[in-house]
Amino acid sequence: MDADLIVQILFAAIKTGTPLLFIALGEVICEKSGVLNLGQEGMMLMGAVVGFLAAYGSGNMGFGIIAAMVMGSIMSLIFAVLVLHIGANQVATGLALTIFGTGLSAFIGADFVGQTIQGFQPIAIPLLSDIPYVGQILFSHDILVYFSFFMTALLVYVVNKTRIGLTLKAVGENPHAANAIGIKVLRVRYLAVMFGGAMAGTAGAYMSLVYTPMWVEGMTAGRGWIALALVVFASWRVGRIMLGAYLFGLASIMHLVLQGLGWSISPNLLAMLPYVATVVVMVIIGADHFKEKLLAPRSLGKPFDPRNMA
Amino acid sequence: MKFKSLLVGLGLLAGANAALAEDPLKVGFVYVGPVGDLGWSYEHDLGRKGLEEYFGDKVETTFVENVPEGADAERVITQLAKAGNDLIFTTSFGFMNPTIKVAKRFPNVTFEHATGYKLSKNVGTYVLRTYEGRYVSGTAAGMMTKTDTIGYIGSFPIPEVIRDINSTFMAAKSVNPNVKMKIVWVNSWYDPGKETDAANALMDQGVDVLIQHTDSPAPLIAAEKRGLRAIGQASDMSQFAPEAHMFSVRDNWTPYYINIAKNVMDKTWEPKDYWGGFADEILTIESINPNLPEAVKAKISSTFAAIKSGELKPFTGPIKDNKGNLVVKAGHSMTDVELAQVNWYVEGITDEVPH
């Protein structure tokens, strides 16, 4: 392996990790508010199909991304109403959302399978992209990748350094206390869930507009689930999510690279790598129960009803 | 009671017989993918449309798309048979056992299964000689590569794909003795995301001509982005990569479907294991890119013509596998039965066949 090849592999790892980064960023905010949304895959697929249709119909990529974000939020709003207002079980509702989104996206997109559009062109950032190696790996991507950098930085700042972040964490850790000091718990949760939906929609748009500029049924291929594991992997720290996303990206392209290099390892075995990584991470984190409890938002998955104060 | 139902049955039979003379031949199709995949299933559907065009109101066709291989397929095929179809085409390898099973229960319906090998009283099979197309692809790729490295995106390591890999490589080698081939398996027939990843991984490693044994245009789109070359698979994929596209090897099912429908209509149909290629025009070369060098264009046409006329048979000995064993004796051209069992790589491919 020479330096050029390594640069290209890392470049590809970032591209492959970007959709994971988007969904996981959305999900971590959602979980920090105490809501577990397993509907990532469904929201992502809806984002992918609506984003593609909007971009295909209007010829405007930006419009496609906005449409995908709106669609993702609408999907998450359905979820939010069910679990926050009606108090439905979060796990079951999330799973239902995934199944619903998978089917509905296939139905909506049926007539557009096989159409393609001109995806985003990469933009090399002047000066930064000239840095040897690093410039090629980090600064010669398309605009959505830069947007994911920006969102990561923004969220790290907001969650750790601002009042909004504090409010979010308060709601997730102890909704009753938060409620007592006058925070509108449900409103915060609605916003967090919808932010998660918008990010999942963006991830979907990244798939159908950038990664493979076309729509095909079930094209997200389980990325929504990997993102859920990523949040645990990153132990609910926003910054670590970025690292995790790229590691998973790397794991999922490595088997193709190694095959090309002539390693005679079963491709099936290699294709398992990202999933094995997920399981290993779960085991490592799960081994220390105390730690896991410390890291996870304390009210994660528990409904909150302001009328029924304990 | 029994007598009565017997009478009703007889009446129905008589009615059916009388109607047979005027009723159109009902033909059903089962597709593994969406008709909009612009590859495999899309071409089968074009074949169905071609059948309708040819016979007009003498045939009536229906299709079911996106049928998963396995238990669902059996249900779909049964439904088509129950719905009164006289002839049913099941168009994916994984429909083989469901087709055989359903065929037993509907002895009066004729079944045709694509790419399989199990025949029965009312089941025939049909296979494309895709390796003929691969030979043309390999020849052109061998001439076009500047890095002496061509890439092959494989789906599953089944005999058809391994056979085509060999054909591609032998052809490339015949025009470019230094050529190397990198093979990547994606374990899917249709997964644009993975196909893109595979295409990029290959191009990162110096591949400058891509050949794919998967059905989406994603590898062509990836090659277009990098200014490299690729060859279209199953259908005409030129629109996806105006610069990168060299030509497409297209499956053209119409002649076969017309032929089989005719045989069923005049009751001369027999279960056969049909293999068709360039000579039957069931496989064609389309949309040769004008931006190719003249020498390459000429070579594509002459190779195509030589295979079509039977003058060039890609699998003619002596052929050695990549472990040094002589697998085809000098002067012998492999028979269809032998071709159906290829499980070795030819000499010069440095990989091993995955198990």
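1. Let's start with confidence. The model as a whole scores ipTM 0.75 and pTM 0.81. For chain B, the mean pLDDT is 89, with 94% of its residues at 70 or more.

2. Within chain B, confidence is highest in strand E8 (residues 209-212), at a mean of 97, and lowest in helix H1 (residues 2-20), at 46. Over residues 6-20 of chain B, pLDDT stays under 50, and the model has zero contacts there beyond four places in sequence. Where pLDDT is low, the predicted coordinates should not be read in detail.

3. Next, look at where the two chains meet: 29 residues of chain B are in contact with 29 residues of chain A. On the chain B side, strand E7 (180-185), helix H7 (192-204) and helix H8 (218-226) each give two or more residues. H7(B) gives the most, with nine residues. By class, this side of chain B holds 15 nonpolar, seven polar and seven charged residues.

4. Finally, chain A has a helix pair worth a look. The axes of H3 (residues 61-85) and H4 (residues 90-109) of chain A come within 10 Å and cross at roughly 150 degrees. An angle over 145 degrees counts as roughly antiparallel, and H3(A) and H4(A) are therefore roughly antiparallel to each other. The crossing of H3(A) with H4(A) is right-handed.

5. Which residues bring H3(A) and H4(A) together? From H3(A) come A:Met75, A:Ile78, A:Phe79, A:Leu82 and A:Val83, and they meet A:Gln90, A:Thr93, A:Gly94, A:Leu97 and A:Gly101 in H4(A). This contact has six nonpolar, four polar and no charged residues.

Definitions and conventions. Residues are numbered from 1 along each chain as its sequence is written. Chains are lettered from A and ligands numbered from 1 in the order in which they are written. This is a predicted model: local features need pLDDT of at least 70, side-chain atom pairs count only at pLDDT 80 or more; totals for chains, interfaces and linings use all residues. Axes are lines fitted to C-alpha atoms, for helices over the stretch in contact, and angles run from 0 to 180 degrees between N-to-C directions. Helices (H or I, at least four residues) and strands (E, at least two) are DSSP runs, numbered from the N terminus. Angles under 35 degrees count as roughly parallel, over 145 as roughly antiparallel, 65 to 115 as roughly perpendicular and the rest as oblique. A crossing is left-handed if the near helix is turned anticlockwise from the far one by less than a right angle, and right-handed if clockwise. Two residues are in contact if their C-beta atoms, placed from the backbone, lie within 7 Å. Ala, Val, Leu, Ile, Met, Phe, Trp, Tyr, Cys and Pro count as nonpolar, Asp, Glu, Lys and Arg as charged, and the others, Gly among them, as polar. pLDDT is the predictor's confidence in each residue, from 0 to 100.
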